[in-house]
Amino acid sequence: MLKWGAILGIIGFLGGFVGPVIFTPEANQGPLLGIFITGPLGFVLGLIVGFVLRLLPERR
């Protein structure tokens, strides 16, 4: 579960941190989106995905 949380949290953080810097470089509060919104939401979504995948039967 934590693996998925870390993966999606990092993706969300980078998307929210780097995206506003690329698209609107004059906005000085753009990176806060990644720090406070998309990073934590990505982490929570990753925990949910990891939990659901753990509940599914294992395929071989």
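User: What share of the contacts in the protein chain with a separation of 6 or more comes from residues 24 or more positions apart?

Analyst: The share is 67%. Contact here means heavy atoms within 4.5 Å. One caution: this is a predicted model, where local features need pLDDT of at least 70 and side-chain atom pairs pLDDT 80 or more, while totals for chains, interfaces and linings use all residues. Residues are numbered from 1 along each chain as its sequence is written, and side-chain values use heavy atoms, leaving out hydrogens and water.

User: How many helices and strands does the protein chain have?

Analyst: It has two helices and zero strands. Both kinds are DSSP runs, numbered from the N terminus: a helix is H or I with at least four residues, a strand is E with at least two. H1 covers residues 2-23, and H2 covers residues 32-55.

User: Why are H1 and H2 called roughly antiparallel?

Analyst: Their packing angle is about 155°. Angles run from 0 to 180 degrees between N-to-C directions, with axes fitted to C-alpha atoms over the stretch in contact. Under 35 degrees counts as roughly parallel, 65 to 115 as roughly perpendicular, over 145 as roughly antiparallel, and the rest as oblique. H1 and H2 are therefore roughly antiparallel. Their axes lie 6 Å apart.

User: What kinds of residues make up the contact of H1 with H2?

Analyst: There are 14 nonpolar, 10 polar and no charged residues.

User: Does Pro-31 count as buried or exposed, and why?

Analyst: Pro-31 has 19% relative accessibility, so it is buried. Buried means under 20% relative accessible area, exposed over 50%, and partly exposed in between (1.4 Å probe, protein chains only). Pro-31 sits in the loop between H1 and H2. Leaving aside residues up to four places away in sequence, Pro-31 touches Gly-16, Phe-17 and Val-21.

User: And Ile-11, buried or exposed?

Analyst: Ile-11 is at 53%, so it counts as exposed. This residue belongs to helix H1. Ile-11 and Gly-39 are 28 residues apart in sequence, yet 7.4 Å apart in space, C-alpha to C-alpha.

Methods: Nonpolar A, V, L, I, M, F, W, Y, C, P; charged D, E, K, R; others polar.
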